[in-house]
Amino acid sequence: MDLPPEQAPFEPTHLIYLNELDQNEKETYYDLLIAADANFHKNYETGDVMADMRILGPGVRISTTPPKKKKDDGMKRLNPREKLAVQALKNASVSLPGAITCDNGDVFDYKRYESVVKLIRGSETPTYSPKRRPLAWVMRLIHEIYDVRYARDTSDINEEDEWDDTDPDVIEARRKEEEFKRNTNVFPIFVVDMFSKKYGLKNLVETTMWDLLYSCNCLRDIEWCPDVEVFCRFLEMEYDADEVLYFCYVRSLTQSVLSVNFKAYWSDPGRIKDANNTGLDRSPPTLYLTKKESNYIAQTIFIRNAGGEEQEHEKKMFRDFMDNVKLLLSNNNIDSSHFMRIAVDRYFNTRPGAGEAQVANQQQQQQHDNEYEQQQQQQYEQQQQQQQAEEEQQAMEQETFEFNHPLMVAVFSGENVEVAEQQYIAELMETEDFLDLPDQVKTEVMDDLAQELSQRLIDAETEAQSCSTEVEFQKCIAGAIEGFDAMAKLVAEHVQSLKGELHNNGMGGGGGE
């Protein structure tokens, strides 16, 4: 029995190399691979990354036999960008750890970018270690994103296609088209969708997105380059699609006035090499707008397309905007990046309800910052405690102890301790304190001291078993010996008093009674 074409054994007849195709053909195959949910695998002999995909010939009908694994029909009808939007909604309530260890050992707290992370990772815990990319790499990518976004938005605005508003099928198709356009208006979805089309492979999309997020987070506080901060606000959706379009419009006017393409400007190695900055944050020379050029762009934005009462309102906005520009003028020039930042900030702050939204965003950001500071403080305290414990342990290990005593030498040299004890007691009895004693008294004192010394050393060795270092062990034994010597001194004083009493009673040494 012949199997349906789509179920027959897979025997590929064509091998297609994407790097040999032009850009349009590449995008066609990217869409096919994404739609087919193709699985990629690596040929470890050649290093090539491959994917198998079955494409049936013209006129070949697919069997109506239902698949073994039931799929979500709702998802099946969606195109890749719609799937991305649906995935974002499904992942909205997913909880992620909120921090990831980077390639340089830094801990990246990505909570403020969770909407992007959930798009590229879903419910999976991030596993990639982001890399800190150079500022020029970040800026080239940011400007490429703006170029693609503005081209798409302006093409949508200029489209005036006619369609049949009486045909139900056309109406439904139009509704779906408008719906997925709204979804991709969400800036994080747009960026991930753009990367998916550009790179194709999920791993490349994910690594590029992680590197971009981490690098932007490191660079967003640079005062002389506010472009990164503005881009981060788009990713965090503090600024919505209207602000994106407005900013891209101002950016387009600025490029036109300066006769420069920002992406190409940041891609020129000669300019970046000649810059004043060093290391990862090297940048080309700053592009300045004159006061006259700033005034021209502001008039284009606010005044030229307005009339009547609306024109009066726009003139007021124009004056307010230029007042903010004048604050940053230096020799009648302003950094073009700061000019564009002021433009989008003023637009955002003058929109209805912007004040409440800004306050809410600030409160949310403040809460996040407080939580992050607490986590950092706790980590710092834990590190300090661990460091202190390690230093104490190291100091204990490096500590030395010297106690030159014949018994100490015997205990740690492996000699016969009992013999050493006897020799030590015998030498002690030959000292001036124990001379001239009657033999019986001398023998009793000698036996008592020998027994006391032996017991003290046994107890000390037992106690020393719990010591963690050799120095502690040595100190424990030395303490026992010092204690015995102190006790022997007391015995000697007592013996001296005995000698006095014996002398008064007429008893002499040398074996007398």
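Reader: Are tyrosine 110 and tryptophan 210 buried or exposed?

Author: The model is predicted. A residue counts as buried under 20% relative accessible area. For both tyrosine 110 and tryptophan 210 the class is buried.

Reader: What share of the residues in the protein is buried, and how many helices and strands does its secondary structure hold?

Author: The secondary structure consists of 20 helices and six strands. The protein has 513 residues, and the buried share of these is 32%.

Reader: How many aromatic pairs does the structure hold, and what is the geometry of the one formed by phenylalanine 108 and tyrosine 113?

Author: There are 19 aromatic pairs in the structure. In the pair of phenylalanine 108 and tyrosine 113 the ring centres are 6.1 Å apart and the planes make an angle of 40 degrees. Planes under 30 degrees apart would count as stacked and over 60 as edge-to-face. The pair of phenylalanine 108 and tyrosine 113 is therefore tilted.

Reader: Why do phenylalanine 108 and tyrosine 113 count as buried?

Author: The cut-off for buried is under 20% relative accessible area. Phenylalanine 108 counts as buried because its relative accessibility is 1%. Tyrosine 113 is buried because its relative accessible area is 0%.

Reader: What kind of pair do tyrosine 110 and tryptophan 210 form, and how far apart in sequence are the parts it ties together?

Author: The rings of tyrosine 110 and tryptophan 210 lie 5.3 Å centre to centre with 75 degrees between the planes, an edge-to-face pair. Tyrosine 110 sits in the loop between strand S4 (107-109) and helix H4 (114-121), while tryptophan 210 belongs to helix H8 (residues 202-219), so the parts tied together are separated in sequence by 100 residues.

Reader: Which arginine lies over the face of phenylalanine 190, and which residues are linked with Phe190 into a cluster by ring pairs?

Author: Arginine 149 lies over the face of phenylalanine 190, 5.0 Å from the ring centre. Ring pairs link Phe190 into a cluster with Tyr146, Phe187, Phe231, Phe234, Tyr239, Phe247 and Phe348.

Reader: Where does helix H10 run relative to helix H15, and what is the handedness of the crossing?

Author: The axes of H10 (residues 241-258) and H15 (residues 336-350) come within 10 Å and cross at roughly 150 degrees. Angles over 145 count as roughly antiparallel, so H10 is roughly antiparallel to H15. The contact includes Phe247 and Val250 in H10, and Ala343 and Phe348 in H15. The crossing is right-handed.

Reader: Which residues does serine 336 touch, and is serine 336 buried or exposed?

Author: Serine 336 is part of helix H15. Leaving out residues up to four places away in sequence, serine 336 touches Thr254, Leu258, Leu287, Tyr288 and Leu289. Because its relative accessibility is 3%, serine 336 counts as buried.

Reader: What is the orientation of helices H18 and H19 to each other?

Author: The axes of H18 (residues 417-429) and H19 (residues 439-464) come within 10 Å and cross at roughly 140 degrees. The crossing is right-handed. Residues in contact include Tyr424 and Leu428 of H18, and Val445 and Leu449 of H19. Roughly antiparallel needs an angle over 145 degrees, so H18 and H19 are oblique.

Notes. Residues numbered from 1 in each chain as written. Predicted model: local features only at pLDDT ≥ 70, side-chain atom pairs only at ≥ 80, totals over all residues. Heavy atoms only, no water. Phe/Tyr/Trp six-rings, centres within 6.5 Å; stacked < 30°, edge-to-face > 60°. Buried < 20%, exposed > 50% of the residue type's maximum accessible area, 1.4 Å probe, protein only. Helix = DSSP H or I, 4+ residues; strand = E, 2+ residues; numbered from the N terminus. Lys NZ or Arg CZ within 6 Å of the ring centre and 35° of its normal. Axes fitted to C-alpha atoms, helices over the stretch in contact; angles between N-to-C directions. Parallel < 35°, antiparallel > 145°, perpendicular 65-115°, else oblique. Left-handed = near helix turned anticlockwise from the far one by under 90°. Contact = heavy atoms within 4.5 Å.
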